[in-house]
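Dear colleague,

Please find the structure below, handed over for your study. My notes on what was found in it follow directly after.

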Amino acid sequence: MQLQVQSQMIQAPMYSKLKRYIRFNVPLKPKTSFKIGGCADIFFEPPNREYLIEGLPFFASLHLPISILGGGTNILVSDKGVSGAVVSLKALSDIKLHDTTMLTVEAGALTDTVSKFCVYHGLQGFENFARLPGSIGGAVFMNARCYETQISDILKSVTVLQYDGAQFTEKTIPYNDSEWAYKLSPFQKHFSGIELQQGGTIITSATFSVAVGNKADLTKKYKTIAKMRKEKKQFKKPSCGSTFKNNRAFGKPTGAIIEELGLKGTKYGKAQVAPFHGNFIINLGGARADDVQGLIQKIQAEAKHKKGIVLEPEVIFAGRWEDAT
C-alpha cells in the first residue's frame, strides 16, 4: 500500500484505539482453506462487535476499500493480494440459545462449532452441517447447502451493518423466502468479490429456529455425516470445496459432468482437479491463484465446447484480479 495512506491512517485520532488490532501487509494465504493468495494491504481483526462498529467508519473515512473475511473457505485470493482494509470477523463467535429453540450466532462462529453446540444441547437443525468448513456469516452469505438442507431452511433473521458509502447502520432483517434460492442470498448484492460496495451489508449475526431433538440420534447423525466427509477425502488437500455450482437443468451434479469430460486429475501448474471428486480443485502445494483460475477457465471451456453448458463458479474471486499477472 502507499506509504502516504499508511501515514495518514497512523496520524488519525482513532488509530490509537484500533492499532492493537491493525496490521499491514499481512499474508492471506494461511487464512484461507486454499492456502493461496497475496497480502492484505491492511488487516483488521476486531475483538468484538463494538470494535468492528468503530473500525469500519474509520476505514471509510480514509476512502479505503473494505473487504470482509469470514472463515476463508470459499474464496480464491489473487496473487496480487487485496487492496485497502481486509476486515476479519473471526473473533465475533458468540453462540446464544434463548427461548429454548431460538439460536443467535455471531458471524465469525465456525459452522461446525454451531453444529456441535446443537448436538450437545439436543437441538435439531444443524446436524447436516457437521464438519462443514467456514463460518456462519459465510454460510448465510452463500446460503450453504448440505445433504438437502439449506441454511435458509432454519433462518429467522440476520443482523447486518449496512454501508451507505460513509456510515454503517445496524439493521435486523427478517427472513423472506422470496429472496433466497439455491446458493443465493440477498446479502450477495453490492459485493465485488469480498469487497463491500455502497448499499452492501456486512452480516454480524444470524438467528435460527431449531427444534428439540433426541441427543443420541443427533450425535449418531453428526458422526455419520462427519465420516462421509472424511471418506470423500474432502480435507485431504487444500481447496475451497465445490468449485462450481450445481445446476438442476443439467440433469446431474457438476462433479459428474466434469468427470464425463475426462478432466478428473487434470493439472494446471500446481492446481489439480481432484482425483477423488470432479468438482474439487486442490492445491498440490505451492499453487498460485493464476493456476486455479487457469484450470477453472479450462473446465468451463471444455464444458461449453463439448456439452454446450456454462458452468458457474461457486468460488469467490477476491482481490486485485484486474491487474493480476
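Strand 11, residues 155-163, is mostly covered, with seven of its nine residues buried. Buried here means under 20% relative accessible area, exposed means over 50%, and partly exposed lies in between (1.4 Å probe, protein chains only). Helices (H or I, at least four residues) and strands (E, at least two) are DSSP runs, numbered from the N terminus.

This is a predicted model, in which local features need pLDDT of at least 70 and side-chain atom pairs count only at pLDDT 80 or more, while totals for chains, interfaces and linings use all residues. Residues are numbered from 1 along each chain as its sequence is written, and side-chain values use heavy atoms, with hydrogens and water left out.

Strand 11 pairs in the antiparallel sense with strand 15 (residues 201-209) over seven bridges; two strands pair if DSSP finds at least two bridges between them. Within this pairing, L161 stands opposite I202. Strand 11 also pairs in the antiparallel sense with strand 12 (residues 168-174), over seven bridges, and there V160 has K171 as its bridge partner. Four residues lie between the strands of the hairpin of strand 11 and strand 12, where G165 takes a positive phi near 105 degrees.

In helix 4 (residues 111-120), the residues T111, D112, V114, S115, C118 and V119 are buried. They lie on the same side of helix 4 because they cover an arc of only 155 degrees around the axis, the arc being that of the directions from the helix axis to the C-beta atoms. Among the elements that cover them are strand 7 (102-106) and helix 6 (215-231), where contact means heavy atoms within 4.5 Å.

Helix 6 also holds R229. R229 is buried yet has no salt bridge, and D112, the nearest side chain of opposite charge, is 7.2 Å away. A salt bridge is a side-chain nitrogen of Lys or Arg within 4 Å of a carboxyl oxygen of Asp or Glu; for charge, Lys and Arg count as positive and Asp and Glu as negative, while His and the chain ends are not counted.

How many salt bridges does a search of the whole structure find? The search finds 14. In one of them, the side chains of D41 and R320 meet at 2.7 Å, N to O. D41 lies in strand 2 (residues 39-44) and R320 in the segment after strand 21 (316-318), so the pair ties together parts that are 279 residues apart in sequence.

Yours sincerely
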